[in-house]
Amino acid sequence: MQTPALTDLDSKYLVHPVSNFRDHQEKGVKILTSGDGAWLTAADGNTYLDAFAGLWCVNIGYGQQRVVDAAITQMTTLPYATGYFGFGSEPAIVLAEKLVSMTPSSLQHVYFSLGGSDAVDAAIRYITHYFNAIGKPTKKHIISLQRGYHGSSSTGAGITGLPAFHANFDVPTPQQHKISCPYLYRSEFTTGEELIAASVKELEDKVAEIGADNVAAFFCEPVVGSGGVIVPPKGWLKAIADTCKRLGILFLVDEVITGFGRTGKMFACEHEGVEPDLMTIAKGLTSGYAPMGAVLMSDEIFNGIADGPNKAAVVGHGQTYSAHPVSAAVALEVIKIYEESMLAHAQSVAPYFEAKLNACMAHPLVGDARSIGLLGAVELVADKATKRQFDPALKLNETIADIAWKHKLIFRAFGDNILGFAPALCFTESDFDALFERLQLTLDEVLELDIVKQEMKG
Ligand code: PLP
């Protein structure tokens, strides 16, 4: 079908995730047609460098034939097996064992979802069930981070700390609370230690305000992703995990973005030896080749549910496609790729990425550059000295993304002009050279815009 016809059909019929419905209809869709390694081809015939791995998920890059072959083999032999009624399939069982062996030893059981939002949703349901089962029914409140993202399920969206996911959706609920994001660049603190101490105090105060007997859990990303790639100071995750333990609340780490090599370790928890009670994963699990997510939980939670007063009844949480065998076969092959060579490759090129990203600080628009492994961002400001932001009404981020597209570069331009990068773990030094050359061209062109010049004058 020709592109204009598809564009028409898209605008008439397809509702796009996290989009402004009318703006999207007006601008039209950019149709992607094929991918190879770090590169995408669009229906306009051009090839683009994807510096965001799709939606920070295609960690192994596009066109990995052995993953396709694994999916075909599984589809041919057994395309579907339900997990209901005592049935199961080999790839799902092997994958569950593999994930338990790869993740911190506190995590011993796996429930498979279709992606990240429903992994978070399953976590909320299991936590609720657990506290009811162990006779602590008041423990229902959940604390999370402002700017954190935990998907857009009907309740999970309230744990997310981004206003767009709340407006007109009637969340957060009264049981969902936030503390400040560990965002050193825009905090009152000059050192990581000060910020960590303040975060711990804020969490303690929030738990005291709600009452420890009423707080079920704290949820956080090890690096806040969709809230603007905010890398916390070293030691923050461990300090928060220890605080949760001390206060008797469960600690859930959401590794949907940070899992599977993104931050330079297989899981970001490993940087600080954190042992969470629950972990959510998705994205890199299958590298986007098939939909799948999971929530991992401790023995304590699993046994609390299994042996609770309702132990004769079924635990009423499930989905038709939980533990889908094709997705599980894909995940097993993807994990082999990480373990054979790709994680080691990502670790070896991360310093090159970091150096190039930090060099962006020389540009007049760049106020901050931050990264961990192959996850990074530059933050654009109207005034470096005061860190003054551009007027959000300008929607400069959309213009920046359009200019980058013209330079055949894809990254994520967040609303507050933070440019996020999550290159596939297969990026080579020459891919990084292309990324930063194109970024330089993009930033130089942005700097020449009249609206930008005016804002920078103040
Ligand atoms: N949690 C985190 C940290 C995420 O970044 C995302 C998605 O970006 C989700 C949960 C939701 O995952 P999904 O979009 O697969 O539902």
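Which residues surround the ligand, and which are the closest? In this predicted model, 15 residues surround the ligand, and the closest are Gly115, Gly116, Ser117, Gly151 and Val256. When the shell around the ligand is divided by class, five of its residues are nonpolar, eight are polar and two are charged. The element that gives the most to this shell is helix α6, spanning residues 116-133, which supplies three residues.

Helix α6 is itself set well within the model. Of its 18 residues, 14 are buried, so the helix is largely enclosed by the rest of the structure. From its first C-alpha to its last, α6 reaches 25 Å, which is close to the 26 Å expected for 18 residues at 1.5 Å a residue. The helix is followed by Gly135, a residue whose phi is positive, near 80°.

Helix α9, which comprises residues 236-247, presents another case in which length and burial can be examined together. The twelve residues of α9 should span 16 Å at 1.5 Å a residue, and the end C-alpha atoms are 16 Å apart, in agreement with that expectation. Within α9, Trp236, Leu237, Ile240, Ala241 and Cys244 are buried. Seen down the helix axis, the buried residues of α9 fall within an arc of 130°, so they line one face of the helix. Such a pattern can be read against the geometry of the α-helix, which has 3.6 residues a turn, so that residues three or four places apart point the same way. The buried residues of α9 pack against α8 (192-210), β7 (215-220) and β8 (250-254). Just after the helix, Gly248 takes a positive phi of about 75°.

Helix α13 was examined in the same manner. Its 19 residues should span 27 Å at 1.5 Å a residue, and the distance of 27 Å between its end C-alpha atoms agrees with this value. The buried residues of α13 are Asp431, Phe432, Leu435, Phe436, Arg438, Leu439, Thr442, Leu443 and Val446. These residues cover an arc of only 165° around the axis, which puts them on the same side of α13. On the other side of the helix, Glu429, Ser430 and Asp433 are exposed. The packing partners of the buried residues of α13 are β3 (47-50), α11 (325-359), α12 (396-406), β13 (409-410) and α14.

Tyr352 is classed as partly exposed because 15 other C-beta atoms lie within 10 Å. Although Tyr352 and Leu374 are 22 residues apart in sequence, their C-alpha atoms are 9.9 Å apart in space. Beyond α13, Glu448 has its place in the loop between α13 (429-447) and α14 (450-457), and this residue is exposed, with 8 other C-beta atoms within 10 Å. Glu448 and Ala434 are 14 residues apart in sequence, and their C-alpha atoms are 22 Å apart in space.

Among the strands, four form an open sheet in the order β11-β12-β15-β14, with antiparallel pairing. The edges of this sheet are β11 (366-372) and β14 (412-413), each of which pairs on one side only. Strand β11 pairs with β12, residues 375-380, in the antiparallel sense over six bridges, and Asp368 stands opposite Glu379 in β12.

Several backbone features of the model were also noted. The peptide bond from Val171 to Pro172 is cis, with omega near 0°, and Pro172 lies in the loop between α7 (156-159) and β6 (176-179). A positive phi occurs at Ala53, a residue other than glycine, with a value near 45°. Ala53 lies in helix α3, residues 53-56, and counts as buried because it has 29 C-beta neighbours inside 10 Å, where 20 or more are required. Lys283, although not a glycine, likewise has a positive phi, of about 35°. This lysine is found in the loop between β9 (278-281) and β10 (293-297), and with 27 C-beta neighbours inside 10 Å, Lys283 counts as buried.

How values were computed: Residues are numbered from 1 along each chain as its sequence is written. This is a predicted model: local features need pLDDT of at least 70, side-chain atom pairs count only at pLDDT 80 or more; totals for chains, interfaces and linings use all residues. A residue is near a molecule or strand if its C-beta atom, placed from the backbone, lies within 6 Å of it. Helices (H or I, at least four residues) and strands (E, at least two) are DSSP runs, numbered from the N terminus. Ala, Val, Leu, Ile, Met, Phe, Trp, Tyr, Cys and Pro count as nonpolar, Asp, Glu, Lys and Arg as charged, and the others, Gly among them, as polar. A residue is buried if 20 or more other C-beta atoms lie within 10 Å of its own, exposed if 12 or fewer, and partly exposed in between; C-beta atoms are placed from the backbone. The expected span of a helix is 1.5 Å times one less than its number of residues. The arc is that of the directions from the helix axis to the C-beta atoms. Two residues are in contact if their C-beta atoms, placed from the backbone, lie within 7 Å. Two strands pair if DSSP finds at least two bridges between them.
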